[in-house]
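Biologist: I have a structure to read and would like to go through it with you. Can you put it up?

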Amino acid sequence: MSKISVNGKAQEVVTPISITDLIKLNDVAQPDMVSIQLNGEFVNRDEFDITQVSDGDELDFLYFMGGGQETPNPFG
Amino acid sequence: MDFTEDQIQRYSRHILLQDVGVEGQEKISNGKVLIVGAGGLGAPIALYLAAAGVGTIGIIDGDVVDLSNLQRQVIHFTPDVDKPKVISAKEKINLINPDVNVITYHELLTSENAERIIKDYDFVVDGTDNFPVKFLINDACVIAKKPFSHGGILRFDGQTLTYVPGSACYRCLFHSPPPPNAVPTCSQAGVLGAIAGMLGTIQAAEVLKYLTGVGDLLTNRLLTFNAKTMEFRTVKTKHNDNCPVCGSHPTVTGLVDYEQAVCDIESHRKNKH
């Protein structure tokens, strides 16, 4: 198992794992509306499938806020 | 700028601050700030900027005060129901501080008027609650090279970033607005009233920091908080080369009025949160 962090919280995952699969694993409510930074760099949405996450990676899941939408807790 | 004795008394708590002083207060008093939205975020922003003595405050909002606004839009009081929000806001701003020149725009910000309205201001503050206009503010400010503060709240969460030319803009983080169908009707989500104060006041502080040059702005950073846990988190970001408006191959070169959410404009305006 590898250690990564998502929104500052440690997670253990089997790597390599694609960003798409990591989103599923984190049960993100609206996967097509989350913005993702991997080690400080934004990942284009159309590259979520092919971008692999490895041991020690840090990810930020950013959500739209301010418009009445269902967003998961960014600290969850 | 010569301050009167009353003004020195009024602003004494700013003047006492080594980082601000008389010079800093002069900068604030010469400042021109546009607040988009006189609602949940616009209210604390306007109140604190009025108190601080920002010389010119522009405020744009097409709505009238609704009873449901009073739960959090602390610049509007019960007798103001049905009054245009910009009028209600102007009255309170000048009651707090007659020094402030308030310019009201009782209209919506659109692709037609945005460039004209923002051009005379030093700084723009996003106090809106819908994505189409958040993207419009971003694009207008990036294209006009105008610094601005983005803010958004929902339920118990808030997030904000500050843009200056060259730093990460809203589109660097969020490429384009969510499709209208993806957003439930505005009146369903709800928001804990005090959250508006938490986030709006942070935005007001950013304005004052910009005007005085004190401290580090929230540039290339997204400050996000969850009031349930009181966790505050700063995400480091940076200018995104693929950004459609400020990247190296921009696809957004003009202003766009995106479609509003599923609820039509009228019910959106009535139930705006």
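**Contacts, core and loops**

Modeller: Val124(B), leaving aside its neighbours within four places in sequence, is in contact with Leu34(B), Val36(B), Ile118(B), Ile137(B), Cys141(B), Lys146(B) and Phe148(B). Two residues are in contact if their C-beta atoms, placed from the backbone, lie within 7 Å. This is a predicted model, where local features need pLDDT of at least 70, side-chain atom pairs count only at pLDDT 80 or more, and totals for chains, interfaces and linings use all residues. Residues are numbered from 1 along each chain as its sequence is written, and chains are lettered from A and ligands numbered from 1 in the order in which they are written.

Biologist: Which residues of the largest nonpolar core touch the most other members?

Modeller: Of its 82 residues, these are Val33(B), Leu34(B), Ala46(B), Leu49(B), Ile57(B), Val124(B) and Val125(B). The largest share of this core, 9 residues, comes from helix 10 of chain B. A nonpolar core is a set of buried Ala, Val, Leu, Ile, Met, Phe, Trp, Tyr and Cys residues joined through C-beta atoms within 7 Å. A residue is buried if 20 or more other C-beta atoms lie within 10 Å of its own, exposed if 12 or fewer, and partly exposed in between.

Biologist: At what angle do helix 4 and helix 10 of chain B cross?

Modeller: The axes of helix 4 (residues 42-52) and helix 10 (residues 193-212) of chain B cross at roughly 40 degrees and come within 7 Å. That makes helix 4 of chain B oblique to helix 10 of chain B. Angles under 35 degrees count as roughly parallel, over 145 as roughly antiparallel, 65 to 115 as roughly perpendicular and the rest as oblique. Axes are lines fitted to C-alpha atoms, for helices over the stretch in contact, with angles from 0 to 180 degrees between N-to-C directions. Helices (H or I, at least four residues) and strands (E, at least two) are DSSP runs, numbered from the N terminus.

Biologist: Switching to chain A, where is Pro16(A)?

Modeller: Pro16(A) is in the loop between strand 2 (9-13) and strand 3 (17-18) of chain A. The peptide bond from Thr15(A) to Pro16(A) is cis, with omega near 0 degrees.

Biologist: And Asn39(A), buried or exposed?

Modeller: Asn39(A) counts as exposed, with 12 C-beta neighbours inside 10 Å. Its phi is near 50 degrees, a positive value in a residue other than glycine.

Biologist: What about phi of Asn220(B)?

Modeller: Phi of Asn220(B) is near 55 degrees, also positive. Asn220(B) lies in the loop between helix 10 and strand 7 (221-226) of chain B.
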